[in-house]
Amino acid sequence: MVSYGDERRREENLDNLLAEPGLRMFFPNYSETVKGEDSQASELDEVAERERYEEVLRQAAGENLQLGQAVISVSDGIIITDPHQPNNPIIYINPAFTKITGYTAQDILGENCRCLQGKETDPQAIELIREAISKKEPVQVTLLNYRKDGQPFWNELKISPVFSDQENLLYFIGIQTDITERKRAEEERVQLLQREQAARAEAEAERNRTANILEGITDAFYVLDHQWRFSYLNSHAEQLLFKTKEELIGKSIWEEFPELINSKFDRELHRAVTRNVTVHFEAFYTELEAWLEVRVYPYKDGLSVYFRDITIAKKSEESLLERSRISTLEAEVGATLGQGGTTLTETLHRCSEAMVQHLEAEFVGIWTYNPGSNTLDLQAYAGQEEIGNWVAGRQISSHPRIPLEGSMVGFVAQTQQIYLTQDSGQRFKGGLESRVYNGEVAESCLVIPDIYLASAPLIVEEKLVGVIAVVMQQNFNEAVIDMLGWMAHAFGVAIDRFWAREALSSRREALLFRLASQIRKSLDLDTILGTAVNEIRSLLQIDLCQYLWFFSHPTQPSLMVTHEAKASPTLRSKLAEAMPQKLAPLAHKIQNLQVMRVDDVADDTNLDAEAKALLSNLGITSALLLPLETPHAGQRGAIICTHGNGQRPWSDNEVDLLQAVVDQVAIAIDQAEVYAQSRAAALAAQSQTSQLEQAMNELKQTESRLIQSEKMSGLGQMVAGIAHEINNPVNFITGNLTHTSTYIRDLLDLIELYRKHYPNPDPEIEDQAEEVDLDFLIDDLPKLLSSMQVGADRIRQIVLSLRNFSRLDEADMKPVDIHEGIDSTLLILHNRLKANANYRGVEIIKEYGKLPLVDCYPSQLNQVFMNIISNGIDALETSEVKPPQPTIRIRTEMSDDGKTVIIRIADNGSGMPPDVLKRLFDPFFTTKPVGKGTGLGLSISYQIIEKHHGILRCESELGKGAAFVIEIPLNQN
Ligand SMILES: Cc1cc2nc3c(=O)[nH]c(=O)nc-3n(C[C@H](O)[C@H](O)[C@H](O)COP(=O)(O)O)c2cc1C
């Protein structure tokens with residue numbers, strides 16, 4: 001609140017109040033007074049007037065207290081300056097000024113306002129103020145000022161001069177508005193605006209750029225939204241799709257282009273959408289007759305589709321591909337024709353297969369023309385048979401031979417012109433129904449849509465040899481037509497050559513081939529020469545064909561006919577009958593390897609006189625002599641063809657042919673010779689080898705016999721010695737045992753008698769009887785004796801067996817009970833047959849037949865039993881598959897004729913594989929571990945049985961045991 005109590009304050013307030021811009025109206029006379037003031041007026045008057053006006057002002061202020069209040073409390077800064085004082089100082093500021101600038105009245109009263117300015121303050125704005133002040137005019141500027149603390153602020157400054165009523169300038173009033181915030185906001189707005197504008201410009205530029213790019217790219221481009229509607233398309237797309245943007249934007253692609261439904265486009269576009277993948281494909285767009293390359297990119301709002309016409313590239317690619325296919329085909333066909341198969345059909349078949357493959361043709365067929373029957377004969381075809389039927393006008397499988405009428409190929413054969421299905425006009429969409437050939441109508445068998453036929457005659461030297469037909473699904477382009485022309489020619493030549501070759505082969509080469517193969521088949525010289533002369537004679541249809549062997553001699557070389565073939569069996573050959581030395585003129589020619597070719601002996605001027613005379617003497621009217629020399633051995637000979645009934649001209653062909661045959665014969669003779677020699681050498685070597693082998697075997701056998709007999713005789717002697725040594729003491733024991741038992745029986749009877757008559761014996765006797773356990777003794781003693789008897793008997797039996805086994809005393813052949821020998825062997829082996837803790841033992845099953853005494857060397861035969869039975873025990877012990885009960889079954893019987901004793905010793909062990917069985921009786925062959933068997937046992941046994949004129953054999957199979965069968969004659973004489 002403004003207080004007016006204090007005079008000074010009141011003055012300040014007044015000053016402040018005067019700063020109010022609207023105050024001018026409160027000083028209506030003030031300015032006027034000042035303005036109208038007479039320069040001569042006295043100072044007193046001036047003071048008086050001022051005071052008066054001050055009074056007025058006071059009054060006005062008093063009256064306008066409320067207004068003053070407003071001046072103080074406004075938010076704008078208010079400054080009043082006094083222009084009458086030097087430097088136009090500030091004489092009043094309101095509180096808002098302090099608030100804005102930081103300057104108090106104390107700081108700034110008396111100062112010029114320029115102190116608010118700084119280096120960034122706009123000099124132009126200052127200039128405007130300066131000008132306005134000097135002109136005493138109001139001015140409004142916005143300029144940058146600085147607060148007391150140096151902070152800048154934007155000042156929107158309005159300066160107004162205040163005049164008195166007399167238009168005298170009283171004050172300047174400045175009103176400051178701090179517009180820093182507004183300015184900043186404005187600047188921000190401007191910046192924002194600028195940014196927005198920049199962004200808009202950028203977006204626009206981007207749009208333009210994109211549009212330019214999309215327009216500029218060579219690809220056609222369109223965008224589809226999620227409803228498959230066009231949302232954008234560039235002008236290339238317009239051109240390619242033949243529709244404008246206006247026609248397409250907002251329209252569904254499927255409605256605008258219904259032909260695309262279910263096409264590759266449809267599938268691929270849907271694939272891009274459903275799988276959210278980029279797809280890239282090429283497709284033929286039938287409506288445009290163009291190949292398009294399409295790239296589809298899904299994005300959040302739909303699909304971007306780029307596509308371009310690649311028809312030209314595709315076509316050139318295709319034509320390149322086709323050219324390469326054609327060259328490959330040409331090369332392949334060329335090679336096939338060059339190599340030639342075994343048959344024409346095979347060669348042509350390979351070619352037609354190659355054509356179908358490389359041209360992707362539907363059908364290729366090759367017919368040869370048969371002038372005899374005036375027909376076309378199908379040689380080969382590949383591809384679809386039903387198209388072949390259409391081309392041939394009938395079923396090709398059942399009608400390989402067709403007449404020239406009524407078929408496409410027949411038509412070509414007749415016209416001898418290439419026929420091509422035309423692309424327009426004559427092209428049979430929906431197939432060939434009927435066709436006019438040379439005025440005749442040929443009905444087609446089949447209706448085949450959209451196929452193209454090219455058929456060309458195969459002509460060689462103006463002669464028709466055949467027809468080729470090619471059927472494709474697309475029209476024939478120039479390259480293919482060219483190629484077909486080339487092929488027609490190549491096939492024609494090949495067929496013609498093949499036929500020519502065949503004709504030749506049927507004569508000359510066939511003979512050569514036949515002869516050569518026959519000759520090669522046989523390495524027998526006789527057959528070779530016999531075949532040669534026969535074949536030649538029948539081929540040349542001459543009287544005689546002969547083979548002459550040449551025997552060299554320094555002065556008198558000679559000849560001999562070794563083989564001949566005659567036109568008739570009765571025909572005589574004077575040549576064969578002639579004395580060798582008479583044939584000297586021919587022999588010389590052969591010696592010099594000189595061909596003699598005489599068509600007519602009588603007329604031939606080249607023939608030397610000697611030869612001429614000889615031939616005439618032999619009754620030969622024409623002759624062809626072809627000498628030969630074997631390449632390896634250098635032997636000489638000749639084939640001579642003769643005729644005895646007038647002249648016989650020899651053609652060059654015949655001479656060539658015979659020369660080739662003679663060359664073959666020369667080689668064959670050599671081969672036969674070499675073969676014969678090598679056979680002789682081989683025979684010699686073979687006999688040497690077998691002799692050596694035999695000697696070796698004998699050596700081995702002798703060696704084994706020696707070893708064994710040495711061993712056996714040692715063993716035999718030892719066994720015999722032991723048997724003898726044991727025999728004597730055992731005889732004592734057994735001899736005395738009988739007496740001992742009688743004596744003991746007597747003694748026991750006596751004791752019994754004593755007991756009966758002296759029931760109460762002397763105590764000493766009683767004690768002794770008790771001591772020795774007389775009752776037990778009486779009971780046990782006889783048993784003891786009988787057991788001793790059994791033991792002694794057994795010893796005696798063993799000794800007997802040992803003696804029986806060794807039979808040293810019986811070294812000669814004598815009739816023997818075979819069973820006895822077997823039994824003694826078993827007795828000796830008793831220990832090995834017994835069961836023990838680890839082994840079940842071997843059960844012996846004897847199936848002895850009724851045998852007479854057999855003539856033999858008993859000790860040797862026992863040795864055989866010993867070997868076989870102990871081998872059997874070994875086999876059972878070591879058998880991998882243990883039989884439930886190891887058994888050796890010994891069966892003896894007489895043969896049906898009663899002449900042979902058969903002893904069969906069989907075990908149920910694991911048997912032997914065939915390779916072991918084969919070598920079983922070989923000396924030193926053993927299957928036992930090293931050190932266990934000598935490998936001699938069975939080989940000796942074999943020899944022993946052999947010595948008895950018998951047979952020892954083994955029957956065995958792996959897993960089924962082994963049986964040794966001994967067969968010996970009952971009588972040895
Ligand atoms: C009433 C009045 C108020 C003024 N207020 C300001 C002000 O707020 N800020 C400023 O820079 N100049 C202000 N000026 C202008 C300066 O005081 C001064 O006139 C200007 O700088 C030009 O003069 P010069 O060339 O002597 O500096 C004001 C002038 C008058 C008469």
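This is a predicted model: local features need pLDDT of at least 70, side-chain atom pairs count only at pLDDT 80 or more; totals for chains, interfaces and linings use all residues.

Let me begin with helix α25, which spans residues 818-828. Which residue caps the N-terminal end of α25? That residue is D817, with a side-chain oxygen 3.0 Å from the backbone nitrogen of H819. H819 itself belongs to the buried residues of α25, and the others are I818, G821, I822, S824, T825 and L826. As a reminder, an α-helix has 3.6 residues a turn, so residues three or four places apart point the same way.

I turn now to the backbone. Most residues other than glycine have a negative phi. N87, although not a glycine, has a positive phi of about 70°. N87 sits in the loop that links β1 (77-81) and β2 (90-93), and with a relative accessible area of 44% it is partly exposed.

The second case is E462, again not a glycine, where phi is positive at about 60°. Where is E462 placed? It lies in the loop between β17 (452-460) and β18 (463-472). Is E462 buried or exposed? Its relative accessible area is 77%, so E462 counts as exposed, the cut-off being over 50%.

Finally, the annotation. An unreviewed UniProt entry lists residues 176-213 and 682-712 under "coiled-coil region". In the model, residues 176-213 are 89% helix and 8% strand.

Thank you for your attention.

Terms used
Residues are numbered from 1 along each chain as its sequence is written. Side-chain values use heavy atoms; hydrogens and water are left out. Buried means under 20% relative accessible area, exposed over 50%, partly exposed in between (1.4 Å probe, protein chains only). Helices (H or I, at least four residues) and strands (E, at least two) are DSSP runs, numbered from the N terminus. A polar contact is a pair of N or O atoms within 3.5 Å; within protein, one must be able to donate a hydrogen and the other to accept it, and residues adjacent in sequence count only if both atoms are side-chain atoms. UniProt positions are given in the numbering used here, feature names are shortened, and annotations may be inferred rather than shown by experiment.
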